[in-house]
Amino acid sequence: MLPLGGGLQAQCTGGTNAGTITPTLSWQTIPCIRGGEYYRFYATVGVNYTFSYCFASGLATFDTEITILDDSDVPTIGGFANGGDCGLGEHLAYWTPAATGWYRVLITKASCQTDTRCTVLAYHTELDPYAAPGRTCSTPWIVPSIPYTQTGLSTCFYDNNYNNNTSCPSSYMSGEDFVIRFSGTAGQCISIYLNNTFIYTGLFLFNGCPNLGGTNCIAYREGGAGNPQMTNITLPATGNYYLVIDSESGIAYCTPFDVSILPCVAVGQGATCATAFNIPSLPYTQAGFTTCGRGNTYNSTMACTSTFMNGEDFVFKYVSPGNECVNISLNLTQSNTGFFVYNGCPNVVGTTCIASRTAAGGNPRLRDIPLTAPGTYYILVSTQPSPTCTPFDIKIERCPPACTFTPNLSNTCGTPQLVSAGLSDTICGHTSLLLTPDVTADLIADFCGSIENNGWFSFVADSATMTMRINVTNCLSGFGIQGRVFSTTDCINFVPKSNCWNPMQESNGVIQATGLTVGNTYLLMLDGYNGDDCDFKVFRLHGGLPVEWTNFHAGLVAPKTVQLDWSTSSEVNNRGFYVQRGRQNQKVNADNFIWESISFVTPQGRPDQGASYQYTDHPEYTGESWYYRIQQVDLDGTSDYTVYQEIMVEGATESALHALFPNPAS
């Protein structure tokens, strides 16, 4: 993958095909795309396409670049972004193809480099501003009915047709406009929310077109930090209303946005159990709530006893038939937000705290909340109390049915979840936050990381060697899963029977158990690294590992010179090896690491014969240890990792070894 010069602005080429996507007007995301990977998509002449790390849940974990290539790997005009539009992330907007056909969106690290870390790329199509509705009051975007939500809109290229209306005197009405029209009735109460906007965005509501005499400004809101919202607006008369989205021209001349127009939550509703907002049925999803103005009726002296109850509260109630399991998630909250589930009002004697989840970074979520008894349950949303209140969206849904083949992990070693003989079924589940540590001193000594929320499967061996592929998705914290196969007779003393798999990030991988006795029962333990909550699928691989390792070693060979040696006995469908260097992330804890890929090594082995590899690194002395590991990547994108080895650049002459190697030798 090389940078190109000339008028194409040094765009990148090459990469590995990771799949296909179909952009639509609504935002979608690729939850894990790495540096050096591309997705194919079919593009139509005249349609605008936007790819972003800045909006709609896009997230960059390294300094990204976005390149649009045709299907022959040739860069396209205007299809490149590397200016750092939002920190490490890029925003490539309004790209349109020269011809209808297949194209590629390629993600790279700065200077067209690869990177093994996952990023979240958001994408969608954009309306043609010169043909689509929303340009003026004569051609407005029409809302058919309320409640109404639409994602993926933008004011960009819609021109500045309306500005500084005398009844809405705001400099935030000096950028390009987008006009929405809806019908309302006298006395109707609505709330309007914008999301995924740039900074300095304005929201203006009129009872007519802004430039006509007699038009009045019903309400407006300036969002200096973006995402303005107007709540509890009472419409004065029956008729058409015009909503104008605009911006401050001197700073942000236009903006993308999502819009929701919703019925009001009644004033005072949700402030107490007596005025709790009723959830009529599940699943339930609604945007635009706030705890602000509700008061702090319930606090940490009551059931759940959390300091996150000491801000203003919003209370929901739900009548359950019993024997239910629900998942709850909040979005678009402030920091230090929590929610709490009770079988009665929090301040009533005898009320039990069924479940709770707090998040210092905001947006708490929790799965597998048991509503065992029939009756009324209360859900309290509150803050720590800095801030004293928060906006939020809420989603409550029933837990998905048990996996097609097996239920989730068991919480204890003594009662593991039994899997079919020979592991012939696919195991599905998640490392639930509700699982508690089940550890002994011997288990801790035999594992390659700290254990927070481990769970257990058991299976009967049908061969001496059994290989399992683990696919991991939807991690709450992005840390991933760790696991190992053990034998035990008492759940106190454990004998490791496989590699200790711990990629320390959301990643797929392989666990291979060896030396098994056919007919004996073994345990597969999975744990969320740093307590992470992740979905997983485990399925049996037949025919052995794509790569059979025999050795990995890292050591100092000279001051500030680290030599890595590794070898294999066989290689099948091997894309190659990433050499990774890491350091401890002290902001989290000593067991968390920040990894970067410093080199890619092409494979040399064959199915009947492996190969030996060597790499030399020259790290800086920082007073801290450096850590090294090798990531092996299959052609299908699945990864396997060596256990890390620690190097102190000045001091020790050899690495401090943690369990020489996780995979069995041939």
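## Terms and basis

Buried denotes a relative accessible area under 20%, exposed over 50%, and partly exposed in between, with a 1.4 Å probe and protein chains only. The structure is a predicted model, in which local features need pLDDT of at least 70 and side-chain atom pairs count only at pLDDT 80 or more, while totals for chains, interfaces and linings use all residues. Residues are numbered from 1 along each chain as its sequence is written, and side-chain values use heavy atoms, with hydrogens and water left out.

## Salt bridges

A salt bridge is counted where a side-chain nitrogen of Lys or Arg lies within 4 Å of a carboxyl oxygen of Asp or Glu. The model holds 11 salt bridges by this rule.

In one of them, arginine 367 meets aspartate 533, with the closest N and O atoms 1.8 Å apart. This pair links distant parts of the chain, 166 residues apart: arginine 367 belongs to strand β25 (residues 365-371), and aspartate 533 to the loop between β35 (521-528) and β36 (535-541). Strands (E, at least two residues) are DSSP runs, numbered from the N terminus. Aspartate 533 is buried, at a relative accessible area of 1%, and arginine 367 is buried at 11%.

## A network around Asp73

Arg40, Asp71, Asp73 and Arg104 are joined in a network of salt bridges. Within it, aspartate 73 pairs with arginine 104, and their closest N and O atoms are 3.8 Å apart. The two residues, 31 apart, connect distant parts of the chain: aspartate 73 sits in the loop between β5 (64-70) and β6 (75-81), and arginine 104 in strand β8 (residues 101-109). Aspartate 73 is partly exposed at 24%, whereas arginine 104 is buried at 12%.

## The four-stranded sheet

An open sheet is formed by four strands in the order β20-β27-β22-β25, with antiparallel pairing. Because β20 (284-290) and β25 stand at the edges with a single partner strand each, one side of each has no neighbour in the sheet. From one strand to the next the twist averages 20°, with axes taken as lines fitted to C-alpha atoms and angles running from 0 to 180 degrees between N-to-C directions.

Two strands pair if DSSP finds at least two bridges between them. Five bridges join the antiparallel strands β20 and β27, and glutamine 286 has isoleucine 394 of β27 as its bridge partner.

A salt bridge also connects arginine 398 with glutamate 324, the closest N and O atoms being 2.7 Å apart. Arginine 398 lies in strand β27 (residues 391-398) and glutamate 324 in strand β22 (residues 324-331), 74 residues apart. Arginine 398 is partly exposed at 42%, while glutamate 324 is buried at 9%.
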